[in-house]
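Hello,

Here is the structure I promised to pass on. Please take a look, then read my notes on its pockets below.

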Amino acid sequence: IRPGEVVAFLGPNGAGKTTTIDMLLGLSRPDDGSVEIFGMPPRRAVALGLVSSVMQTGGLLDDLTVRETVDYTSAIFASSLDTDLVLERAGITDIADSVVKKCSGGQKQRLRFAMALLPDPALIVLDEPTTGMDVTGRRDFWHQMRADALTGKTILFATHYLEEADEFADRVVLVADGRVVADGPAH
């Protein structure tokens, strides 16, 4: 995958998309072979802030506000972007003082996106990133992703939505039964 490329990882349930993402993030190990990102083990790349992710669920504390969540998350990185900047880029400035448990599913996804932006990563890995977002939220999210790709960030996203892959990806990698069955330009 080249820097600045937006790659869709497409396939049916059980195809191996999330398993592959887990390996890229150092959350699991391959049964055979090895995984490297930026020439290093995935956990090291994540720890250095080179790679970050937006997962479908988890990672949020219900009793904190959106701003507190971003502030606390920023504290784990040696350096991170400004909280107000990531709230704006994620489109959630207007809900910064809302308690997480009162946020909609789409708002929580945008919060996860803000958290992923904090280390200013070179690679953003997204697992079904627009789940729970309304049409406007999805459009705004992908607009921001395209803007990030234009600055050289690489985006890899798993999705079930063929139209999302076709509209937003430069390249589509189709997987089935844990194997790449097609890899080519989206258009």
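First, the term: a pocket here is an open set of grid points with protein on both sides within 12 Å along at least five of seven lines. Keep in mind that this is a predicted model.

Start with the largest pocket. It holds about 490 Å³ of space. Its lining has 19 residues, and V46, S52, S53, F77 and M115 are the closest to the centre. Strand 2 gives the most, with four residues. What classes of residue make up the lining of the largest pocket? Twelve are nonpolar, six are polar and one is charged.

Now the second largest pocket. Its volume is about 300 Å³. Here 17 residues form the lining. F9, T20, V173, V175 and V180 are the closest to the centre of this second largest pocket. Which elements each supply at least two residues of its lining? They are strand 1 (6–10), helix 1 (17–24), strand 5 (171–176) and strand 6 (179–185). Helix 1 has the largest share of that lining, at four residues. By class, the lining of the second largest pocket has ten nonpolar residues, five polar and two charged.

Then go to helix 1, which supplies the largest share of the lining of the second largest pocket.

Best wishes

Terms used
Residues are numbered from 1 along each chain as its sequence is written. This is a predicted model: local features need pLDDT of at least 70, side-chain atom pairs count only at pLDDT 80 or more; totals for chains, interfaces and linings use all residues. Side-chain values use heavy atoms; hydrogens and water are left out. On a 1 Å grid over the protein atoms alone, a cavity is a set of points where a 1.4 Å probe fits but cannot get out, and a pocket is an open set with protein on both sides within 12 Å along at least five of seven lines; lining residues have an atom within 4 Å of a point. Grid points are joined across faces, edges and corners, and a volume is the space filled by probe spheres set on the points. Ala, Val, Leu, Ile, Met, Phe, Trp, Tyr, Cys and Pro count as nonpolar, Asp, Glu, Lys and Arg as charged, and the others, Gly among them, as polar.
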